[in-house]
Structures are given as C-alpha cells and as structure tokens.
Amino acid sequence: EHEAAIVKLEPVSLDASDKLRVIATTNIVADIVSQVGGDSIELTALLPLGADPHTYTTSPQDMVAVTDAHLIFANGVNLEAEFLPELIQHSEVPVIYVSQGIELRALGEDETREHENADPHTWTTPTNAIVFVHNIEHALSAADPANAETYKANAEKYEVELERFDEWIGEQISTIPVNNRKLITDHDTFGYYTDRYGLEQIGAVIPGFSTASEPSAQELAALEDMIREYGVRAVFVGTTVNPSLAQQVVEDTGIQLINLYTGSLGPAGSSVETYLDYIRHNTTAIVEGLR
C-alpha cells in the first residue's frame, strides 16, 4: 500500500542558489503547497486546470518533472490511483499524501471496491485543508530545514485564514431554510462538506465517485423522482463534467442548474484561481441556489 504513513524525510542538499523542487498532483493541492512554500520552493502542478484527477493520463513532461523533483505532494486516498503509481515506479522521490490524518468518510455499500471504501475528495472543507497544511509544512521543513521558520510562519498565517473560512461557511449555510438543505450534484464530491456543514447529499446525476461512469436510464428516472419528491431547488454540476446529463435532468424537472468547481481550480480570470476562491465560489453558489 502506497499510503502507509508519513515518509521519513532526509534534508536535501541544496546549493545557495537552489530551491527545493516540488511537484503537486492536482492544482488544488498545488495552491495549498504554494501558500506554505511561498518563494522558497520551485513548484510544478501536474494536472492542468480543468483536468479530472479520476481520468488523467500522464505525459512525457510529467515523467521528466518527477525525475527532477525532490518531493511530490499528492492528495492520496487513491484519488491519483490511475496515474501516480506508474509515474513514480522508477523514481526514488518521496511522495507525501497530504490527506494523511484526516478522518476519512466511508462510501456507500454499493460503491466499487477500487477506492477501498474511502471518499477521496478530502479537500472540500477548510478544516481538512488545515491537515494538508500541517503535512506540507512538516515535509518541506524536513527536506529544507534552512527555510523551516519561513514554512512555519506561512503555514500559521494560512491556517488562520482557513479557520476564518470554516466559520464563514457555517454562517452562510445557516441562512438556508432547514428544509432546503438538500444537495443534488452531478458527482459525489461534496461529502466532507455536507457532513461538516449540515447539508444532506441526496443524489448524484452520476452515481458513484468516478466521473468516468455513465448513469443508466433507470438511474436518471429514479433521480428525477427524487427531485420531485424532495422538492429540490437546484442541481449543482461540476465544471469538469459533461453537462448534458445534468441538462437532461433540468429539462425534465424544470429546476435550476448551478456550476460548482469540483476537482480543479478555474483558469486565469475565472476568479476561482486559489483554493480560498474555490471554497468561496462553491459556498456562495450553494447558498444562493438553495435559499
């Protein structure tokens, strides 16, 4: 098993002009790493904006980046199971799983076993992101002790912001009438979020946890019955997912379709360019859609 425990890291020998070369798998992990590493690291994100971690395939450039890197930060919980094992099989680079230590949610009984029954979408709450930050700070400081004070200061500053965001989300969600706190999404990404903030996730247009799956006509019909039964006000769809399925549901039931960011940040100019933007955008969209 790749994700046994936090790796024991030795300091990397760096010249004065050298920076720690760091890879992050998703751009969300990359943004959180950049908040801790700042200018002291040279950071590469593997997945381009808009890419879906469940279906990503690696490029020759990725192979080159891994050969040059001192550390790799991955979400873990099998999110990168499709591409990371192949990428690191001939490499000695330590992989840090930033979700290490988060209390994982179990998936439903009928989920495929490939995810080992744990929900990989750990990044959707700021409280989980604080665990990421601890793991990142620990690893950067171990590999590059000369900059440990900087990493610690950056991490502490960012944690304060994450705590503030956690409180803000709670306040926002509390403005939604209790009977409306039901979330239907096209992809079960928001389990940690709904658990933490008291929403109920009552269905997904794409069943299961991988966007590679297509729903059957019966599954769509069952979902549409559920929408009518619960009087749900909106379906939330991810920006990385084919929207035609969700569009079909909206046409059949006449409810709103609202965009959420799931596994990726937005491109430049989208105003969802950082993790905090991502949390703010999704929370605002959920609250406006359900209120």
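Modeller: Helices (H or I, at least four residues) and strands (E, at least two) are DSSP runs, numbered from the N terminus. This is a predicted model, where local features need pLDDT of at least 70, side-chain atom pairs count only at pLDDT 80 or more, and totals for chains, interfaces and linings use all residues. Residues are numbered from 1 along each chain as its sequence is written, and side-chain values use heavy atoms, with hydrogens and water left out.

Colleague: How many helices and strands does the protein chain have?

Modeller: By that rule, the protein chain has nine helices and eight strands.

Colleague: What makes E1 and E3 a pair?

Modeller: Two strands pair if DSSP finds at least two bridges between them. Three bridges join strand E1 (residues 20-24) to strand E3 (residues 71-74), so they pair, and they run parallel. Ala24, for one, has Phe73 in E3 as its bridge partner.

Colleague: And which sheet has four strands?

Modeller: The open one with the order E2-E1-E3-E4 and parallel pairing. Strand E2 (41-45) and strand E4 (95-97) are called edge strands because each pairs on one side only. From one strand to the next, the twist averages 25 degrees; axes here are lines fitted to C-alpha atoms, for helices over the stretch in contact, and angles run from 0 to 180 degrees between N-to-C directions.

Colleague: What makes you say helix H1 packs on the sheet?

Modeller: Contact means heavy atoms within 4.5 Å. Helix H1 (residues 27-37) touches E1, E2 and E3, so it packs on the sheet, with its direction at about 170 degrees to that of E2. Helix H4 (residues 126-143) lies across E1, E2, E3 and E4, at about 175 degrees to E3.

Colleague: Why is the crossover from E5 to E6 called right-handed?

Modeller: Start with the strands: four bridges join E5 (residues 182-185) to E6 (residues 200-204), and the two run parallel. The chain gets from E5 to E6 through helix H6 (residues 191-197), and this β-α-β crossover is right-handed. That word means that, with the strands pointing away from the viewer, the path from the first strand over the helix to the second runs clockwise.

Colleague: What share of the residues counts as buried?

Modeller: Of the 291, 54%. Buried means under 20% relative accessible area, exposed over 50%, partly exposed in between (1.4 Å probe, protein chains only).
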